Structure formats: structure tokens, C-alpha cells
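Good morning, and thank you for making time on the agenda. Please have the view open as I speak.

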Amino acid sequence: MVKKGEWVRIHKVILKAEERTGKLPEDTQSVPLEMWTKGFLLADAEIGDEVEIESVNGRHETGTLIEMNPYYTHDFGTCIPELLQIDKQVREIVFGGEK
Amino acid sequence: MAKLPQDYDSVMSRTQEVMKAALGIDYSQFESGSMAFDYEKMMRETGYSLEEMQNIQYSVNVGNTPILELKNLTALARACAPEGKGARIFIKDEASNPSGSFKARRAANAVYHAKKLGYKGVIAATSGNYGAAVASQAAIAGLKCIIVQECYDSKGVGQPEIVEKARKCEALGAEVVQLTVGPELFYKFILLLEETGYFNASLYTPFGIAGVETLGYEIAMQFREKLGKDPDVVVCTNAGGGNLTGTARGLIKAGAKNTKVIGASIDLSGLHMASDKAFNLKSCTTGHTGFGVPYAVDPDHSDVPRSAARPLRYMDRYVTITQGDVFYITECLATLEGLEKGPAGNTSLAAAFALSQEMPQDQTIVVQETEYTGAGKHLQPQLSFARENGIEVRFGDPKDEVPGKSVIIPEHPSLIKAKDMDLDRQKRSLIKGNLRKYTMNPTEEDYKYLAEETKKDIEWVKKAVEEVKATL
């Protein structure tokens with residue numbers, strides 16, 4: 001159970017596929033327009049429930065509860081060995097003669 | 001008050017009135033009733049004087065960023081250039097603005113204006129650095145802030161660079177509304193403006209664009225102080241056109257009449273910008289031709305009735321560069337100059353590296369921005385994200401790069417080339433759009449307007465109008 005007042009993330013379909021505008025490429029046209037946003041939960045609920053939240057601006061939004069205390073996991077990626085080759089190459093060109 | 005209908009068509013039909021309330025500008029006062037509108041009047045009456053803008057920006061710690069000479073990168077360019085060529089490369093370190101990019105200049109003015117008019121908050125629709133800039137300025141001003149982002153594909157996979165920008169906006173106190181791919185972002189944007197009554201801190205208002213004029217002005221002043229002359233070339237990354245427009249106007253206001261302004265975009269030709277599948281096949285989220293070209297030839301398809309960003313008025317050349325070139329140069333900046341900056345801002349740097357090799361060694365070329373870097377917003381996550389999405393990342397000749405399929409990292413810096421776009425073709429395209437939208441029979445005022453819009457003389461415009469009409 002997620003308690004009222006907890007910081008949560010919700011998900012909502014803004015436009016169903018059939019409600020989307022006609023000027024889209026087919027791949028976009030065939031999927032819904034979805035939204036994610038965050039706020040404080042206004043009543044106790046379970047993950048997956050339809051809930052209402054209050055944003056940091058005091059605005060209310062509804063959607064499906066998907067996460068409590070959401071956090072970011074983006075990072076610096078995995079190793080790209082090519083970057084080490086670039087370093088070696090350009091340092092050689094610029095400073096090579098002074099070794 | 002009864003709640004207004006929330007369906008797509010009903011909401012979009014209220015766009016005009018919502019926009020008027022959210023901008024506080026009556027654009028009709030600048031219209032002629034035909035193609036022409038009075039751009040300078042719009043900039044004068046709704047913008048701010050250069051001095052006012054400087055005062056606004058300096059009071060919130062925006063602007064006065066240093067210009068750095070990139071001596072080692074210049075040496076690398078000279079090693080690749082013909083004898084005697086290789087202009088000195090300089091960079092304006094805009095990452096030292098409070099939010100980490102030149103966008104702080106635009107946001108400072110927009111937020112100042114919103115506060116002056118009594119709005120309680122600001123909203124901006126942006127997946128770029130502008131979001132953090134508005135959030136940062138709103139935090140200083142004590143205004144509420146909502147940023148609406150196009151961030152995810154239909155599988156819920158976020159572009160790392162945009163996810164980082166969301167994090168930064170939240171860190172600066174903003175509410176971030178994230179959406180999947182599609183131009184109907186504008187629908188949610190209108191709904192939010194209507195619901196909150198906040199100010200539309202659009203990227204394309206006169207105050208936003210005028211905010212960048214200080215950047216061009218500072219470049220000229222700093223150059224005169226440092227080198228006793230104006231720069232020969234200033235290169236601007238071009239997406240929505242505001243960066244180039246504002247910088248060029250600032251240079252003109254400083255009297256730097258002989259400085260050439262060159263636009264640079266990453267070549268993403270062939271990728272549809274509203275495609276869900278193509279969304280995460282891009283390794284850059286801005287500064288590319290997918291924004292640069294459509295906004296240049298049709299500035300008024302932005303989120304305001306008349307955009308203040310009109311790059312074809314100011315551009316002397318428009319070149320493209322590849323994603324691989326930009327990543328290579330970003331790495332060079334770190335390893336040769338000790339400066340770690342975000343890759344998107346280095347689009348113009350990659351172009352300048354190539355353009356410098358066309359110019360004599362005693363000339364100067366200025367890259368007018370850097371941007372902050374961090375998790376997601378760095379060449380390593382961008383390249384590993386590309387690999388995860390099936391993009392071929394390898395060394396080779398960047399001319400073989402196919403956007404959406406490969407990122408070719410130059411196997412030697414001499415392979416980095418700036419490719420000229422056909423500016424006349426874009427100017428004809430702008431004329432075509434105007435003929436279609438307004439009238440097939442332009443007035444004399446319209447011809448004069450089109451000449452200003454295309455940086456051409458009236459004779460060229462009249463000939464182009466006849467040629468374009470024959471194709472319609």
C-alpha cells in the first residue's frame with residue numbers, strides 16, 4: 001500500500017491511437033499519446049490503481065499509480081573504446097612532435 | 001465555471017484565445033493583412049532594449065560568460081588544413097550560465113517579463129536545455145514552472161539526454177510533464193496553459209529572442225577588448241533559429257557588420273521527426289536538420305503566431321555536420337582542451353573545426369556556445385544508447401553515415417567536413433510557403449518583406465516568386 005502524501009509517479013493515456021491527428025507517420029498513429037508525471041498522492045492506494053496526485057505546483061492530475069519515490073537511473077553508459085583511440089590519435093597529432 | 005470540453009478538436013479550437021492570454025501580446029498589431037508583418041516593430045515594442053536586457057540578465061547572474069581560445073584544437077585543424085590555413089578557434093563558454101547553457105539568456109527575459117505582467121507561473125514546451133533554463137530562472141523569480149517534454153517512445157524508453165534534462169528541471173523545482181512522441185504535445189500544452197493561466201515562456205517570443213542579442217553583443221565587445229577587432233566568423237548551432245537570430249542581431253547592434261554568421265546543424269536527413277520508431281535512433285536531440293530546416297523555411301509554424309526567430313534573415317551560410325563528427329570533436333575538446341561539455345552544443349564546434357581550415361591563419365572563428373554535460377547528456381551514454389538500439393557505431397569516413405542506421409566516427413580528423421546546404425533553395429521554399437499561405441499576388445510591401453526574410457534584393461525575390469509560381 002502506498003500512503004496518502006507519498007511522492008509518486010503516474011502514467012496516463014492522453015489520446016488513444018484512434019484519437020490522434022491524421023498528420024502522423026503510421027508508426028506513431030498506431031500507438032497512444034502517453035504521459036508520465038509526478039506528485040504527492042492524495043489518498044492511500046496500491047500500485048496499478050487509478051489515483052489523483054498534487055504536483056509541486058499544487059496542480060491536480062489523475063492517472064495510474066506506477067512508482068513510489070521515483071528516481072532516475074540514467075548514467076554515463078557503457079565503455080566506448082573508440083573514444084580512447086580518438087584521444088591517442090589527436091594527442092599524437094598535436095603533441096607528438098614534442099615527445 | 002463549467003469545465004470546457006477537453007477533447008482534442010475542442011481544445012485546439014481554443015488555441016488562439018489561450019495563446020493571447022498566455023503571452024500578453026496582440027500579434028495582430030504587426031500584421032499587414034497580407035504576407036508582410038512588421039518584424040522590427042514587433043521586436044521593438046514587445047522586446048527590450050539591449051541595455052535593459054543586459055541589466056535583467058546580469059541581475060540574475062546570466063551572461064558575461066568567458067571566451068576561450070582553443071589553441072590545441074586550432075593546432076589540430078592546422079595539421080589537417082592546406083598550408084597557411086586554419087583560423088584561430090574560440091568558444092564562448094555559455095555552459096557557465098546558471099542553468100548550463102545559453103538558453104538562460106532567453107529564459108531570463110521570458111521569466112522577467114512574466115513576472116512583470118503578474119503571471120504566477122511559466123510553462124515551456126521543450127525537450128532541450130531551455131527547460132532547465134526556464135526552471136532555473138523561475139526558481140530565482142519565485143514563479144511556478146511546468147516543463148512539457150517529448151521524452152519517450154511507445155515502449156517507454158527515454159532518450160538519455162532528455163531524461164537528464166527532466167532530472168535537471170525537477171532539481172530546479174519545476175514540474176515536468178513527460179510525453180511520448182508526437183506533435184499533439186501541443187494539445188497537452190494548451191490544456192496546461194488554460195488550466196493554470198501561466199505565461200507561455202515560448203522559445204519564439206520577441207523577449208526570448210532578444211535575450212540572445214546580448215550573446216552576440218558580448219562576443220563583439222570581448223573580441224575588441226581581447227584582439228582589437230571583430231571576429232571574422234561566428235558559427236551558431238541552428239535548430240529553432242533563435243540562437244542564430246539573436247546572436248546575429250546582437251552582432252549587428254554592436255556594429256560588427258563584417259562578421260559572417262554561419263549556421264550549423266547535424267545532418268539527420270531521412271529521419272521523420274514525428275516517428276515513434278525513429279525517435280530513439282537519433283543520437284542527438286536538438287541542433288539537427290529535423291528542426292533546423294523546417295523552422296528556417298517556415299518560422300511561423302512554432303508555438304506563437306509570429307516567431308521572432310527568423311534565421312534566413314541573418315545566415316550567410318548554412319552547413320551540416322554528422323553525428324560522428326560532433327562526437328569526435330566533443331572528445332577532442334576534452335582530451336586536447338581539458339573541457340568536458342555536452343555534445344549537442346558542440347555541433348557548431350565540429351563545423352568551426354572544418355570551416356577554420358578554409359580560412360587564413362590570421363583570421364578568427366567563434367563558436368558561440370557550450371552546454372553542460374552529465375549523466376545521459378554526454379557522448380558515452382549517447383553512443384552506448386545508439387549501440388543498444390542497433391545503430392552501427394564504427395570508425396570510418398563520416399560521409400558514409402546514414403542517420404538512424406549508423407554513427408560513423410571519423411577515422412582521422414581531416415575527414416570532418418562541413419557540407420554546405422543550398423540556402424537559395426531554402427529561401428525559395430520560404431517564398432513558396434508564403435505564396436501558399438497568404439496570396440499568389442504579393443504586394444510591393446510583401447516583396448520588400450520577402451527580401452528581408454531571405455536576405456536578398458527585391459529583384460531576386462521577384463524572379464524567385466515567378467519561378468515558384470510556375471511550379472504551383
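Two strands pair if DSSP finds at least two bridges between them. With that criterion in mind, consider the boundary between the chains in this predicted model. Strand 2 of chain A and strand 5 of chain B, residues 175-180, are joined by 2 bridges and run antiparallel. Because the criterion asks for at least two bridges, these strands count as a pair, with 2 bridges between them. One of the positions involved is A:M35, whose bridge partner in strand 5 of chain B is B:L179.

The contact between the chains extends beyond that pairing. On the chain A side 34 residues take part, and they are in contact with 46 residues of chain B. Which elements of chain A give two or more residues to this side? They are strand 1, helix 1 (26-29), strand 2 and helix 2 (82-95). Helix 2 of chain A provides the largest share, with 8 residues. By residue class, the side of chain A that touches chain B divides into 17 nonpolar, 8 polar and 9 charged.

Let me turn to the strands within chain A. Strand 1, residues 7-15, is joined to strand 2, residues 33-41, by 8 bridges, and the two run antiparallel. In this pair A:W7 has A:F40 as its bridge partner. Strand 1 of chain A also pairs with strand 4, residues 60-68, again in the antiparallel sense, over 4 bridges. There, A:V8 stands opposite A:M68.

I now move to chain B. Its domain assignment gives domain 1 (8-56 + 101-206), domain 2 (63-100 + 207-420) and domain 3 (423-471). The C-alpha centres of domain 1 and domain 3 of chain B lie 30 Å apart. Between these two domains, 4 residues of domain 1 are in contact with 9 residues of domain 3. The domain 1 side of that contact consists of 2 nonpolar and 2 polar residues, with no charged ones.

Chain B also contains an open sheet of 7 strands, in the order 1-2-10-7-8-9-13, with mixed pairing. Strand 1 (67-69) and strand 13 (419-420) stand at the edges with a single partner strand each, so one side of each has no neighbour in the sheet. Elsewhere in the sheet, strand 7, residues 233-237, and strand 8, residues 260-266, run parallel and are joined by 5 bridges. In that pair B:V233 stands opposite B:K260.

Helix 11 of chain B, residues 242-253, packs on the sheet and touches both strand 7 and strand 8; its direction makes about 155° with that of strand 7. The helix has 12 residues and reaches 16 Å from first to last C-alpha, close to the 16 Å expected at 1.5 Å a residue.

Is helix 11 of chain B largely enclosed or left open by the rest of the structure? Of its 12 residues, 10 are buried, so the helix is largely enclosed. Among the buried residues are B:L244, B:R249 and B:L251. The buried residues of helix 11 pack against helix 6 (103-116), helix 10 (206-227), strand 7 and strand 8 of chain B. After the helix comes B:G255, with a positive phi near 80°.

Key:
Residues are numbered from 1 along each chain as its sequence is written. Chains are lettered from A and ligands numbered from 1 in the order in which they are written. This is a predicted model: local features need pLDDT of at least 70, side-chain atom pairs count only at pLDDT 80 or more; totals for chains, interfaces and linings use all residues. Two residues are in contact if their C-beta atoms, placed from the backbone, lie within 7 Å. Axes are lines fitted to C-alpha atoms, for helices over the stretch in contact, and angles run from 0 to 180 degrees between N-to-C directions. The expected span of a helix is 1.5 Å times one less than its number of residues. A residue is buried if 20 or more other C-beta atoms lie within 10 Å of its own, exposed if 12 or fewer, and partly exposed in between; C-beta atoms are placed from the backbone. Ala, Val, Leu, Ile, Met, Phe, Trp, Tyr, Cys and Pro count as nonpolar, Asp, Glu, Lys and Arg as charged, and the others, Gly among them, as polar. Domain bounds come from an automatic or database domain assignment.
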